[in-house]
Amino acid sequence: MLRLMLADDEQYERKYLEKIIRESYPSLLEIVYEAADGVDLMENLEQCKPHIVLLDIKMPRMDGLDAAEEIRKKYPDIQMIIISAYSDFAYAKQALKLGVTDYLLKPYLDSELQETLDKVIARAREREDSLALLSYSNHADQKVTFDFYRDLEKDLLWSLFFRRKPVEELRKQLALWEIGEGWMKVVLISSPALVSMGTFSQEVLKNYFHMPEVRAINSIWMDQMVICLYAAQEDAFTELTGCIRRARDYLAGEHQIPVACGVSGTCSSVDALADAYEEAASYISEYSAGEIRGAFMDMTEGMRRILSLEEEISQSLVRQERGTCYDNLMKLVEELEQCLMYQDVSVKLNFGRSLMTILREINQNPGVRIKTSQAAALFEKLGELNFNGDNLKYHMEYFSEIEVWKQ
C-alpha cells in the first residue's frame, strides 16, 4: 500500500478526504496521519514516510506552499497535491514551480479528487513495481521467510481459463476468495503497457474494479490482465464501465499506449468461467484493429505454450532430471523473449512469475518440498539480474539446480 498524509486546518475537510480515500482506495492507499497545519505535518513527516501528501494552501503556522517547499528540499520523491479554495493562477504557478504534482481547486467533485489521485499513483508505478520484484523474501532476525502464495492468482485464473486443471479443484481454490455460486463476469485487457507491470500495478488495477458488493480477483501475465468479478446479485456490475475506463487510462498513460478490452456476459457457475473468458477474448480477437488482433492471438498461444513448459519443468525437477530441466528452462526463456520482443526487464519479471508457478507445482506433489531458504535465494538471484542487466540465459544452470527435498 502507498502511505498518504493529509494536512488541512478544518477537521471536517480532513474527515471528508479520509472518507473518500478509504472508500475509493481500500487496499491501495493508507492514511498514516492527518495534520492540522503545516508545522504538524513537518513534525510527523519523517516518522510516517509518506509516498503522497495532500496539502491545503491556507493553514495556520505554516501554509501549504511553505510546507511543499520544505518537503521538496528534504524528500524529493514524495508526490504532493495542493488543494485550495483560491482560483488565483499565481498560487497554481507557485505550486507547480515547487514541484507539486497537481493542483485541485475547491469545491471539487469526488471524481476530480479520484482522477488526481489516479495520476499520482500512476507516477509511482515504475518504482513500486521494481521494488516489489525484490520483495519475495524477507530476512528478519536472521530467519528467512518466503511467500509461496505470492501471485497465486496467476496459477488459479489462467489454469481455469485455459482449461489446464479440473474445475472441481479450481472451485475449491476460488472458495479461498469467498467465491462460490453466484453471478460472475470476466474482463480481459490486453496492452503492451502490462508487460513491465508487477504486483503493485496488479493491486492498483484490482482497486479500480472495486465496486460495492462485488469481489474481484485479477492477474497480470505477459501483456494481458484478466479480472474475475463475483457478486450475489446479477445487477451488481452497473459501475463496470467506469472501472474499465479508469484501468484503460492508467495503462494508456501519457504516451497513449494501445489498450484492447473484452467483457463477457454474466454467468452463474464456476464451470462456465472458461467460456466467459473465451467470450471476452473474442471481442479483442474479432473487433480490434488487424495489428492488435494478431499480436493478441500470438501472445495467447505463447502463453499456452509457457503453461505447458512450466508443468514439464516442475515434473523434471521432481524427478531430478537436470538435463531435461535445463533444456526446458532455456525454451521457456526463449519463448518469453520472443513473446516480449526481447525486453530484458519484462522477460525477467515474467520469468519470475513462471518460477513461482513451478515452485508451487513442485510443492503440490505428495512427499516433496522446496526449502524456503532455496526459494528465497532463487528470487534474490533474479532480483540482482533484473537490475544489473545480465542476460537471463547465462544463468539457467543455476535455476536448473533446484533441490527437491523428500519428506
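Buried means under 20% relative accessible area, exposed over 50%, and partly exposed in between, with a 1.4 Å probe and protein chains only. This is a predicted model, where local features need pLDDT of at least 70, side-chain atom pairs count only at pLDDT 80 or more, and totals for chains, interfaces and linings use all residues. Residues are numbered from 1 along each chain as its sequence is written, and side-chain values use heavy atoms, with hydrogens and water left out.

**Exercise 1. Classify Met299 as buried or exposed, then list its contacts.**

Step 1. Locate Met299: helix 11 holds this residue. Helices here are DSSP runs (H or I, at least four residues), numbered from the N terminus.

Step 2. Apply the cut-off. Met299 has 6% relative accessibility, so it counts as buried.

Step 3. Find the contacts, meaning heavy atoms within 4.5 Å. Neighbours within four places in sequence aside, Met299 is in contact with Met222, Asp223, Gln224, Cys339 and Leu340.

Step 4. Check one pair along the chain. Met299 and Asp223 are 76 residues apart, yet 7.6 Å separates their C-alpha atoms.

**Exercise 2. Describe how helix 6 packs against helix 10 and against helix 13.**

Step 1. Axes are lines fitted to C-alpha atoms, for helices over the stretch in contact; angles run from 0 to 180 degrees between N-to-C directions. Under 35 degrees is roughly parallel, over 145 roughly antiparallel, 65 to 115 roughly perpendicular, and the rest oblique.

Step 2. Take helix 10. Helix 6 (residues 152-161) meets helix 10 (residues 273-287) at an angle of about 80 degrees, axes 8 Å apart. Helix 6 is therefore roughly perpendicular to helix 10. Trp158, Leu160 and Phe161 face Leu273, Ala274 and Tyr277 across this contact.

Step 3. Sort by class. Ala, Val, Leu, Ile, Met, Phe, Trp, Tyr, Cys and Pro are nonpolar; Asp, Glu, Lys and Arg are charged; the others, Gly among them, are polar. The contact of helix 6 with helix 10 has six nonpolar, no polar and no charged residues.

Step 4. Take helix 13. Its axis and that of helix 6 come within 9 Å and cross at roughly 80 degrees. So helix 6 is roughly perpendicular to helix 13. Leu152, Lys154 and Asp155 of helix 6 make the contact with Arg353, Ser354, Thr357 and Arg360 of helix 13. The classes here are one nonpolar, two polar and four charged.

Step 5. Look at Lys154. At 1% relative accessibility, Lys154 counts as buried. Beyond four places in sequence, Lys154 touches Ser159, Ser219, Trp221, Glu310, Arg353, Ser354 and Thr357.

**Exercise 3. Identify the residues with the most contacts inside the largest nonpolar core.**

Step 1. Define the set. A nonpolar core joins buried Ala, Val, Leu, Ile, Met, Phe, Trp, Tyr and Cys residues through side-chain atoms within 4.5 Å.

Step 2. The largest core has 67 residues, and Leu273, Phe351 and Phe399 have the most contacts inside it. Helix 11 gives the most to this core, with nine residues.

Step 3. Not counting residues up to four places away in sequence, Phe399 touches Leu329, Phe351, Leu355, Leu378, Lys381, Leu382, Leu385 and Leu392.

**Exercise 4. State what covers the buried residues of helix 12.**

Step 1. List buried residues in helix 12: among them are Cys325, Leu329, Leu336 and Cys339.

Step 2. Name the cover. It includes helix 11 (290-318), helix 13 (344-363) and helix 15 (396-400).

Notes. Helices (H or I, at least four residues) and strands (E, at least two) are DSSP runs, numbered from the N terminus.
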